[in-house]
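Hello,

Here is the structure I promised to pass on to you. My notes on it follow below.

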Amino acid sequence: MPSVKGRSYASNDFVWRKWQNETGWTSDGFVFMAGCLNGAYGIGTPDVVTHLSEELPRPSRNIPKAILYQNLINFLTTMLFLIAIFYALDDLEAVIGTSATFPLTEIYRQATGSAGGALGLVIVIFVSSVVCIIAGYITCGRTLWTLSRDDAVPFSQFLSKIHPTKRNPLNATLTCGVMSTLLGCIFVASTTAFNAFVGSFVIFSTLSYLAAILPHLLSRRSHVEPGDFWMGRWVGSVVHTTSCVYIVAFIVLFCFPFTLPVDAASMNYASLITGGISIFIVGWWFVKKGKYEGPKFVARNNTLLAKDAL
């Protein structure tokens, strides 16, 4: 696009070699590690498809394959997208100092040379986001329905109902939609508060992986039934240990402010939101600990799973 408008592309040195630290932090290594938070959004949450495991045939085989394909496709498409927008840049300072809500808008303007072209490309992002929102409602609804089915959340009787004609957890899905809309309204009132909620999502989703991996590591994977993609005792233990160390280290990094100096508006409040919600979850656990039974284990040779695999 820049060459069409009579401008040259960014140099290879700018795209592949040059490093610019505009955060205020003096450690480039720390900035690089903290910047991995952006990669978390690009790769996506690999657990999303697991929330549909009860509706997929042969979930023990198809769910791991879906997670692998999701990460591979997202990595390739995100990498190609980043390379394209880096070569389209001709004024990084304008992107950093833009007054637009999304800095990507300024990048598109530089790439196309016009506000109309930037608007058209932003609409493409908007349309794809709408599709992702629909998928998000489906997975969130299934997650809330699963927890309410096990009586682990408030209003479980209402949220655990399956619609008689649509045959899906409609109540749970609509509830997730309403809650998401209300959280979106926070952005209108305060971008700082909204960013805190978004940042806490990354921390909580990462902690959920730690809660699933660490018990298996401490028990030497004695309670894990070998599946179709069994890595073995030693390889699996190394992967689990590496994952736990990675999660703990990056959770700490994600709680640091994004830039320096810090004021009340630029502070990263993700740790505050995470701590507050954690206190609520622990309190609710004490309320439900005598009633909650948790998900039931189903053996892979179960006849219901055999029928579902056909």
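Which residues in helix 6 meet which residues in helix 7? From helix 6, they are Leu104, Thr105, Tyr108, Arg109 and Thr112, and their partners in helix 7 are Ala115, Gly117, Ala118, Leu121, Val122 and Ile125. Contact here means heavy atoms within 4.5 Å. By class, this contact of helix 6 with helix 7 has seven nonpolar, three polar and one charged residues (Ala, Val, Leu, Ile, Met, Phe, Trp, Tyr, Cys and Pro count as nonpolar, Asp, Glu, Lys and Arg as charged, and the others, Gly among them, as polar).

Before you read on, please note that this is a predicted model: local features need pLDDT of at least 70, side-chain atom pairs count only at pLDDT 80 or more, and totals for chains, interfaces and linings use all residues. Residues are numbered from 1 along each chain as its sequence is written, and side-chain values use heavy atoms, with hydrogens and water left out.

Back to the helices (DSSP runs of H or I, at least four residues, numbered from the N terminus).

Now the aromatic rings. The count comes to eight aromatic pairs (rings of Phe, Tyr and Trp, the last by its six-membered ring, with centres within 6.5 Å; planes under 30 degrees apart are stacked, over 60 edge-to-face and the rest tilted). Phe187 and Phe194 form an edge-to-face pair, 5.2 Å centre to centre with 80° between the planes. Tyr246 and Phe250 form a tilted one, at 4.3 Å and 35°. These two are separated by about one helical turn because they are four residues apart in helix 11 (residues 233-253). Phe250 counts as buried at 6% relative accessibility, whereas Tyr246 is partly exposed at 46% (buried is under 20% relative accessible area, exposed over 50%, partly exposed in between, with a 1.4 Å probe and protein chains only). Ring pairs also link Trp25, Phe30 and Phe256 into a cluster.

Lastly, Thr192 lies in helix 10 (residues 191-218) and is buried, at 19% relative accessibility. Not counting residues up to four places away in sequence, Thr192 touches Ala264, Ala265, Met267 and Tyr269.

Best wishes
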